[in-house]
Amino acid sequence: MKEIDLAELERDFQAKIDADIKIEPKDWMPDEYRKTLIRQISQHAHSEVVGMLPEGNWITRAPSLRRKAVLLAKVQDEAGHGLYLYSATETLGADREQTIDDLHSGKAKYSSIFNYPTLTWADMGAIGWLVDGAAIMNQVPLCRCSYGPYARAMVRVCKEESFHQRQGFEIMSKLANGTPQQKEMAQDALNRFWWPALMMFGPNDAESKHTAQSMKWKIKRHTNDELRQQFIDISVPQAKLIGLSIPDPDLKFNEKTGHYESGEINWDEFWQVVEGNGPCNKDRVDTRRRAKENGQWVREAANAYAEKRRIRKKAS
Ligand code: 3HC
């Protein structure tokens, strides 16, 4: 393509973005725009699917039939979110099998938060309240993402996330107002999940290699630090409301700015977990790889059945 044509195409593309016109699969888009969307949406899908594992660990051990049914519904929602988002990557030309193989080979990233163990039932509360709460903070702006299929997928996903967050906060509230042992279990879960939840928003803006460009392309509508701050400002009063304390000795409210100022995140821990050295990284990826192997016969049977129907239809 001639230089001049490419420059004109890029100018027209950015003008659409600036005018908040959605980019659709069949529209021309810069290769880099396509690449960063495949990168972000595939990692988002992997996060949903791997995110089922920590909670799946407690479905058989839920303390009541009601809790079991609610947790089951939540985990099933996450599976649906993953499939939705894998489909969104396919609208950009990604190959689903390759995308999933990238997760199983350890090549693809997924959210660091899912590499922490779920040790008690209270962790189901902390995950719903904090992890899904952080996910909502990050996903609501994605409903206004410049790429049409991703923005539309997020509208449905966010509706379900708010149920996830509420059921989690209800678990934490019940435990925090229960016996001293239950309150202690809830506080322990908050102590273990608070800082990893802040890490979900990604590195500080100064360290983020994608934020500036993603903001220009309106893939991101807010920076990592802006969303993290919103999450802290909402979550600290929620913890206070149920009598739990945020495990951050440096946390203080700044009357002037109206925001909470928090202590420094352990970025060494963050990058260790992102690079595969977290407490559960190996177990999570192995479990996903085994799930694919164990499900191979189902895919083969479904493909054989579809092929048989195709041949029968052709013959009739
Ligand atoms: N875990 C793992 N990797 C992370 C990370 C995290 N918490 N935060 C950042 N990273 C990675 C990025 O992927 C990028 O690596 P890459 O170039 O190899 O992809 C690198 O660190 C630099 O980070 P940036 O901030 O520059 O990268 P992004 O602009 O992509 O921002 C993000 C990171 C904010 C996570 C962004 O990708 C995003 O908004 N993704 C969509 C939402 C999402 O994936 N959320 C994850 C949780 S989903 C969930 O919780 C499901 C719920 O139902 C429970």
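About 350 Å³ of space lies in the second largest pocket, where a pocket is an open set of points on a 1 Å grid over the protein atoms alone, fitted with a 1.4 Å probe and having protein on both sides within 12 Å along at least five of seven lines. Its volume is the space filled by probe spheres set on the points, which are joined across faces, edges and corners. This is a predicted model, in which local features need pLDDT of at least 70 and side-chain atom pairs count only at pLDDT 80 or more, while totals for chains, interfaces and linings use all residues. Residues are numbered from 1 along each chain as its sequence is written, and side-chain values use heavy atoms, with hydrogens and water left out.

Lining residues have an atom within 4 Å of a point, and the second largest pocket has 14 of them, with V49, L83, Y86, I100 and R288 nearest its centre. Helix 5 (96–104) contributes the most, five residues, while helix 4 and helix 12 (281–294) each supply at least two; helices here are DSSP runs (H or I, at least four residues) numbered from the N terminus. By class, this lining holds eight nonpolar, one polar and five charged residues, with Ala, Val, Leu, Ile, Met, Phe, Trp, Tyr, Cys and Pro counted as nonpolar, Asp, Glu, Lys and Arg as charged, and the others, Gly among them, as polar.

The largest pocket has a volume of about 1,200 Å³. Of the 46 residues that line it, Q43, N138, M200, F201 and G202 are closest to its centre. Helix 6 (122–142) gives the most to this lining, with nine residues, and the lining as a whole divides into 18 nonpolar, 16 polar and twelve charged residues.

In the loop between helix 5 and helix 6 sits N115, which counts as buried because its relative accessibility is 1%, buried meaning under 20% relative accessible area with a 1.4 Å probe and protein chains only. Leaving aside neighbours within four places in sequence, N115 is in contact (heavy atoms within 4.5 Å) with Y110, V273, G278, P279, C280, N281 and R284.

Turning to the ligand, 32 residues lie around it, and E78, K109, E161, S208 and H210 come nearest, a residue being near if one of its heavy atoms lies within 4 Å. An N or O atom in the side chain of K109 is 2.6 Å from a ligand oxygen atom, and a polar side-chain atom of N224 lies 2.8 Å from an oxygen atom of the ligand. For S112, a backbone N or O atom lies 2.9 Å from a ligand nitrogen atom.

Methods:
Buried means under 20% relative accessible area, exposed over 50%, partly exposed in between (1.4 Å probe, protein chains only). A polar contact is a pair of N or O atoms within 3.5 Å; within protein, one must be able to donate a hydrogen and the other to accept it, and residues adjacent in sequence count only if both atoms are side-chain atoms.
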